[in-house]
Amino acid sequence: MAVCLLLIGCSSGPRFLSYNGPEVTRIVVMKEDRRMYLMHGDEILEKYKIELGFAPIGDKKIEGDGKTPEGRYYIDRRNPRSAFHLSLGISYPNAQDRAEAAALGKPPGGDIFIHGRAKKNRGKGPDWTAGCISVKDGQMEKIYAMVNNGTVIDIFP
């Protein structure tokens with residue numbers, strides 16, 4: 001695996017890495033296994049242990065349910081000033097998610113991200129987010145460098 005990352009910046013605050021390896025064409029999340037894979041075609045470039053929402057079983061339906069969504073989404077934004085170190089936005093809710101929540105008479109929620117860990121949440125154990133996918137801060141720096149906006153993310157039960 002020839003992955004080249006270069007550290008840019010100083011040691012205070014988030015570190016911005018540069019990546020010039022194979023393009024990450026897809027992210028695969030396996031909720032039950034608590035694993036996330038950065039893929040180039042069928043090749044696994046990187047794999048990570050993850051933490052999920054505080055109610056990890058099942059698909060996110062409404063705001064506040066603590067579930068991590070399931071389905072196909074896209075990375076649609078970046079936040080270098082995230083309260084959770086760095087973060088990549090996931091395009092939840094999509095039209096189907098909004099329709100399902102509306103049928104329940106509730107809002108679908110939003111602001112679902114792949115992110116690092118906030119200082120206040122370090123050491124809390126697994127599955128502590130409000131529905132996001134969390135990794136260690138150093139891993140998030142690498143993911144932030146490797147993954148572009150528009151990358152597909154498939155989240156499986």
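## An exposed aspartate and the basis of the model

D111 is exposed, because its relative accessible area is 56%, where exposed means over 50%, buried under 20% and partly exposed in between, with a 1.4 Å probe and protein chains only. D111 is found in the loop between α1 and β8 (113-115), and although D111 is not a glycine, its phi is positive, at about 55°.

The model is predicted, so that local features need pLDDT of at least 70 and side-chain atom pairs count only at pLDDT 80 or more, while totals for chains, interfaces and linings use all residues. Residues are numbered from 1 along each chain as its sequence is written, and side-chain values use heavy atoms, with hydrogens and water left out.

## Overall architecture

The protein chain holds two helices and 10 strands, taken as DSSP runs numbered from the N terminus (helices H or I, at least four residues; strands E, at least two). Along the sequence these elements follow the pattern β-β-β-β-β-β-β-α-β-β-α-β. Of the 157 residues of the chain, 44% count as buried.

## The largest nonpolar core

The largest nonpolar core has 28 residues, of which I27, M36, I90, I114, I133, I143 and I153 touch the most other members; such a core is a set of buried Ala, Val, Leu, Ile, Met, Phe, Trp, Tyr and Cys residues joined through side-chain atoms within 4.5 Å. Two or more residues each come from β3 (26-30), β4, β5 (43-49), β6 (71-79), β7 (87-90), α2 (137-146) and β10 (152-156). The element that gives the most to this core is α2, with five residues.

Helix α2 is mostly covered, as seven of its 10 residues are buried, namely D137, M140, E141, I143, Y144, A145 and M146.

## Backbone features in the loops

In the loop between β6 and β7 lies H85, a residue other than glycine with a positive phi near 75°. H85 counts as buried because its relative accessibility is 16%. A cis peptide bond, with omega about 0°, joins Y92 and P93, and P93 is found in the loop between β7 and α1 (95-103).

## A positive surface patch

R35, K47, K49 and K136 gather in a patch of positive charge on the surface; patches are made of residues with over 30% relative accessible area and no salt bridge, like charges being joined within 9 Å and nonpolar side chains (Val, Leu, Ile, Met, Phe, Trp, Tyr) within 5 Å. A salt bridge here is a side-chain nitrogen of Lys or Arg within 4 Å of a carboxyl oxygen of Asp or Glu. R35 belongs to strand β4 (residues 35-40) and counts as partly exposed because its relative accessibility is 32%.

Technical notes
Accessible areas come from the Shrake-Rupley method with a 1.4 Å probe; for residues, only the protein chains shown count as cover. Lys and Arg count as positive and Asp and Glu as negative; His and the chain ends are not counted. The place of a charge is taken as NZ of Lys, CZ of Arg, CG of Asp or CD of Glu.
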